Protein chains: 2
Amino acid sequence: MAVRDRRTPVARGGRGGRPTLEQVAARAGVGRGTVSRVINGSDQVSEQARTAVERAVAELGYVPNRAARALAAGSADAVALVIPEPETRLFSEPYFSDIVRGVSAELAETDKQLLLTLIRSPRERERLAAYLSADRVDGVLLVSVHEGDPLPEMLAAMGLPAVLNGRRAAGEAVPFVDSDNTGGAQAAVEHLIGRGRGAIATITGPADMYVASCRLAGYRQALKAADREEDPGLVAVGDFTEEGGRRAMQELLERRPALDAVFAASDVMAAGALQVLRAAGRTVPDEVAVVGFEDSPVARHTDPPLTSVRQPTEEMGRAMVRVLLDGIAAKDATRERHVVLPTELVVRASG
Amino acid sequence: MAVRDRRTPVARGGRGGRPTLEQVAARAGVGRGTVSRVINGSDQVSEQARTAVERAVAELGYVPNRAARALAAGSADAVALVIPEPETRLFSEPYFSDIVRGVSAELAETDKQLLLTLIRSPRERERLAAYLSADRVDGVLLVSVHEGDPLPEMLAAMGLPAVLNGRRAAGEAVPFVDSDNTGGAQAAVEHLIGRGRGAIATITGPADMYVASCRLAGYRQALKAADREEDPGLVAVGDFTEEGGRRAMQELLERRPALDAVFAASDVMAAGALQVLRAAGRTVPDEVAVVGFEDSPVARHTDPPLTSVRQPTEEMGRAMVRVLLDGIAAKDATRERHVVLPTELVVRASG
DNA sequence: GAGTAGAGTGGGAGCGCTCCCAGAAGTGAT
DNA sequence: ATCACTTCTGGGAGCGCTCCCACTCTACTC
């Protein structure tokens, strides 16, 4: 049925000379405006015209030219996902891949494109804001931005909507989507308390990282809720690495040999702690229970498998897109936009 | 010094009214054509005009509008990275993240954009080729396409250059970048032979997967090179999952209790094998040496850590882009384009 | 001194859309 | 029948580039 229409002159550019809106209009016997209206779902179109256009679109296999559309409309129909290169380790964690999956899924419904941008040098970072704002994207999703990074503020200054995955600090001004780190940590520690653990230690992240302080806060809240005194000797600082987890565990064992539980602010640190515990001859979970955070694959592969706090990562990706689209659509750039999603404790053998 | 020039009327579209080529031309006191030539690095420009333009560009903070450029030039200045959704597990492996890093790095030098496209339904896959070809991208990078997937052929039919990461079958017609699976496997097995192992078993992937057959071929070549007879009882088929690795190992132990080494076609399967070996009371590497493939993080976290075959993943990403750009630039779409990169054996405690 | 190359340049003509403004056609009230 | 709406519609005027043609200069040749 698909009649190949060759009457219209084949344009210069474009691989394979795809049909244009004008050709669709001609075939449907309507004007360009009407076709445009149909394509963009305006309701100011008669049923008759609409069906004619839809047929022509189908017959011609018409797909709108994105560049032309972006140029004419002054919008980009694209969103950038920006990742600082040093963080690409993140990239290899399901955490990140889940976020991307969520982002992609949510975006698919809006037919905006997803641009992936890794920043690998300070120079690139400098140019980034200018590039991004040059009509190339409608908004920016920023993954794992550190406190003190000026990027979000630069984007804001250029009027480019942005969303962070996670707060940089308590009073985060830029729109963000975060998981309930405090609540998750609290649940983890309450779980430990519920299992009758008495001396519960914690391995935290660097004090200047907001996530770390939230998870520590959750630990404290759980203790307080159970009416327990907090023992500073049961708190050791790690750096979210396995080695850091080992050092912290070592320290804890020296300071409080009688501890019978550890809540680590990340699975990787928990894995390090497990090694030290084993080396010290402590059995897990019999003598010492261990709980991690993030529910990364590491958690499933340690021996014993780690009880951990799962974050709704895919949903976070989706939420980031929703928050971003909201910001793009709205004029009031000032309104605070953010979402905090609940976590879930996944109980495994370690505690 | 940057004088804000407000003489020119602020255009309707575009967030923040960024300067246009025309404004740069006016400021530099030249014509649009000359500015365009400077921007695009033509040598048909006098030194004087060039510096004038460069100054104006710097002063105005001019960044070309991608949409306009794409529209006028008929090219997209973008490349798509397409990932079938069921494969997003891949996504969480460093293998993939390294590829993306390589792709991104190589692309950064060409100022083409990277579009990330996950295919999550057959319907999306159908529409994909049409969408991609609608001037949206200049080429496509396809990750983990299975044998029998029509996508590469569809793209070829539309004249859209594509590159695969890995061959789908022996005589792969579509341009690809692959690692030397056969050579890597051979090196792994030769390593085992060199360590004096006598009964070397292998856990392969599904017979219909080309990677699997290559790695099996490497296993065989190593045996042959050492003048050893191949024992079919030492070959078990897995499916690249941990569970598959366990089953295969079980099978091997039952068939050939005397085996003293195992080469698994993936780290994940090797990890499964380790579990079974331990359960069976065999020590690794004393009684049985185990070698994996891929050098994924799993390899570092098993007990003992796995000897494995590392692939130059980041370089594969870079190579994919180079091959793709070559295909985009060339007219002769027929020419065969591919790269096969060498692997490297990483020796750890398991064998 | 006329003739011929270049090198360098300006700017018109699009690229394929969206926006928007007139105007046509239809509907109901007067 | 007239007027005032409302609903639909066509198509002009851009969006900011690249392409390319025509033109101006200068330099060199015979």
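Predicted model: local features only at pLDDT ≥ 70, side-chain atom pairs only at ≥ 80, totals over all residues.
**Notebook: a protein pair on DNA strand D**

I started with the atoms of DNA strand D that lie within 4 Å of the protein: 62% of them belong to sugar or phosphate, and the rest to bases.

**Who sits around the strand?**
I looked up the surroundings of DNA strand D and got 29 residues. Arg32(A), Thr34(A), Ser46(A), Leu21(B) and Ser36(B) are the closest. Sorting the residues of this surface by type gave me 12 nonpolar, 10 polar and 7 charged.

Next I checked which helices take part. In chain A, helix H2 (32-39) and helix H4 (66-73) each supply at least two residues of the surface near DNA strand D.

Thr34(A), one of the closest residues, has a polar side-chain atom 2.4 Å from a phosphate oxygen of DNA strand D.

**Domains of chain A**
I then looked up how chain A is divided. Its assignment lists domain 1 (21-64), domain 2 (78-178 + 314-341) and domain 3 (181-310).

**The largest nonpolar core**
This one has 46 residues. The members that touch the most others are Leu81(A), Leu141(A), Val177(A), Leu81(B), Leu141(B) and Val177(B). Strand S1 (78-84), helix H6 (94-108), strand S2 (113-119) and helix H14 (313-329) each supply at least two residues of this core, in chain A and in chain B.

I zoomed in on Leu141(A). Leaving out residues up to four places away in sequence, Leu141(A) touches several residues, among them Leu81(A), Val103(A), Val163(A), Met320(A) and Leu324(A).

**A threonine in chain B**
Last stop: Thr307(B), in strand S10 (residues 307-310) of chain B. Is Thr307(B) buried or exposed? I count Thr307(B) as buried because its relative accessible area is 0%, and the cut-off for buried is under 20%. The side chain of Thr307(B) reaches the backbone nitrogen of Arg348(B) at 2.8 Å. Beyond its neighbours within four places in sequence, Thr307(B) is in contact with residues including His191(B), Val290(B), Gly292(B), Leu345(B), Arg348(B) and Gly351(B).

Methods: Residues numbered from 1 in each chain as written. Chains lettered and ligands numbered in written order. Heavy atoms only, no water. Domains from an automatic or database assignment. Near = heavy atom within 4 Å. Polar contact = N/O pair within 3.5 Å; in protein donor to acceptor, adjacent residues only side chain to side chain. Helix = DSSP H or I, 4+ residues; strand = E, 2+ residues; numbered from the N terminus. Nonpolar A, V, L, I, M, F, W, Y, C, P; charged D, E, K, R; others polar. Core = buried A, V, L, I, M, F, W, Y, C linked by side-chain atoms within 4.5 Å. Buried < 20%, exposed > 50% of the residue type's maximum accessible area, 1.4 Å probe, protein only. Contact = heavy atoms within 4.5 Å.
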